[in-house]
Amino acid sequence: MDQLPLYVWSGAALVLGLMVGSFLNVLVARLPFEKSIIWPGSRCFSCYRPVRIFDNLPIIGYLVLRGRCRFCGATFSSRYLWVEVGTGLAFLALFLAEVVFNWFNFPGFGFDPLRATMPAWPAVALFCYHATLLSLLIAAAVVDAEHRVIPPLIPFTGLVVGVAGAALIGWPWPHPAGAAAAVGGPKAMPWMLVLDAGPVPIGAQPWPAVGPPPAWAAAGSWKLGLLNSLVGALAGSLVVRVVKRLFETGFGREALGLGDADLLMMAGAFLGWQPVVLSLFVGAFAALLVFKLPTLLLAAVRGTGVDRELPFGPGLAVGVVVTWFGWPWLAPRVQPVLFDLQSMLLIVGVIGVGMLASGLLLRRKAEPAPPEPQPVGK
Ligand SMILES: [Zn+2]
């Protein structure tokens with residue numbers, strides 16, 4: 001009985017996720033066709049009769065009708081069910097990780113129902129901010145998997161929310177601004193010297209764009225939050241464009257979409273440049289392991305051909321979430337590089353050459369290119 005407030009709040013997070021998932025389904029079904037997402041209300045795509053309000057309830061509606069239209073019996077995609085359940089569980093997991101168990105060790109966060117009946121309001125506010133990012137990532141991943149396109153409305157909504165919220169959570173919030181002074185010691189050493197300078201505290205905005213922060217954007221100020229967010233959005237967009245350009249120069253064919261650049265731009269507005277740039281590489285790995293490998297196995301078992309143009313969005317979304325929650329583990333390992341310009345330039349050079357080389361390597365292995373001539377210099 002003592003744990004009741006915990007169950008009530010967790011249940012609320014789950015139900016909120018189910019409802020948001022229901023709305024994401026509308027986005028996924030309508031945005032690729034540039035239909036209005038507000039009007040008209042949900043209706044059967046086959047007989048166009050409106051869906052009754054109780055049939056539209058998350059999960060319950062789907063299960064009661066067994067995924068069929070009440071009037072004409074046309075089947076709805078099981079995607080409706082999975083997106084609702086998936087978003088609900090994602091919200092619950094985010095709530096437990098960030099608000100209840102305080103995964104990032106934020107001061108004043110964590111929820112002990114024996115001492116309070118509700119979580120601290122900054123924790124709830126941050127949960128809502130991050131749940132927005134999670135929802136848009138899910139929508140982008142699902143719509144990309146289904147239609148091979150990420151409609152710009154999704155990442156640009158994220159960009160606006162991400163930048164607007166960033167000003168309120170300037171690094172190192174929720175740590176006190178003094179936590180920044182603790183890095184670098186009394187002589188304010190460069191932050192690349194991780195052993196001597198000490199670990200850079202992880203805030204709600206994981207890291208500042210530069211360390212130490214410039215004088216005009218002091219630690220904890222809205223200016224630093226805004227700077228981190230804008231630099232993050234720019235870096236997310238640029239890293240995909242540069243990798244795309246290099247890889248495709250070697251590969252000779254299109255390999256990444258600009259929707260992928262928009263997806264990382266959105267994530268950068270929320271998380272800053274460091275986690276987002278790394279998430280591209282984590283995402284490429286995730287795409288190979290989680291999406292490409294099972295598809296290849298399935299194709300081998302069924303004896304069908306392989307779909308060559310696999311969407312990259314789902315892998316990228318997984319990469320963002322893994323890097324974001326893996327940051328407490330990852331941060332001390334990448335700190336010596338990411339705050340040091342020389343090491344950064346060296347690694348960027350190595351990765352750039354690697355991209356070009358792997359593109360060339362894949363081009364030689366790939367099946368003969370389609371007969372139509374490839375446009376050059378576009
Ligand atoms: Zn119908």
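Modeller: Let's begin with a term: a nonpolar core is a set of buried Ala, Val, Leu, Ile, Met, Phe, Trp, Tyr and Cys residues joined through side-chain atoms within 4.5 Å. Buried means under 20% relative accessible area, exposed over 50%, and partly exposed in between, with a 1.4 Å probe and protein chains only. This is a predicted model, where local features need pLDDT of at least 70, side-chain atom pairs count only at pLDDT 80 or more, and totals for chains, interfaces and linings use all residues. Residues are numbered from 1 along each chain as its sequence is written, and side-chain values use heavy atoms, with hydrogens and water left out.

Biologist: Which residues have the most contacts inside the largest nonpolar core?

Modeller: They are Phe127, Trp207, Leu264, Leu280, Trp324 and Trp327, in a core of 80 residues. Helix α4 (residues 121-147) gives the most to this core, 15 residues; helices here are DSSP runs (H or I, at least four residues; strands are E, at least two), numbered from the N terminus.

Biologist: How do you know where this core lies relative to domain 1 and domain 2?

Modeller: Domain 1 (1-119) and domain 2 (151-366) both give residues to it, so the core lies between them. Those bounds come from an automatic or database domain assignment.

Biologist: And what does Phe127 touch?

Modeller: Leaving out residues up to four places away in sequence, Phe127 touches Ala13, Leu16, Phe91, Leu94, Phe95, Glu98 and Val99. Contact means heavy atoms within 4.5 Å.

Biologist: On to the metal: what makes Cys44, Cys47, Cys69 and Cys72 donors of the zinc ion?

Modeller: Donors are N, O and S atoms within 2.8 Å of the metal (3.2 Å for Na, K and Ca), and water is not among the atoms, so sites may look incomplete. The SG atoms of these four cysteines lie 2.3 Å from the zinc ion, so they qualify.

Biologist: Why is the arrangement called tetrahedral?

Modeller: Four donors count as tetrahedral if all angles lie between 85 and 135 degrees. Around the zinc ion the angles are 104 to 113°, so the arrangement is tetrahedral.

Biologist: Why are Cys47 and Cys72 called partly exposed?

Modeller: Cys47 has a relative accessible area of 23% and Cys72 has 36%.

Methods
Tetrahedral: all angles 85-135°; square planar, octahedral: opposite > 155°, others 65-115°.
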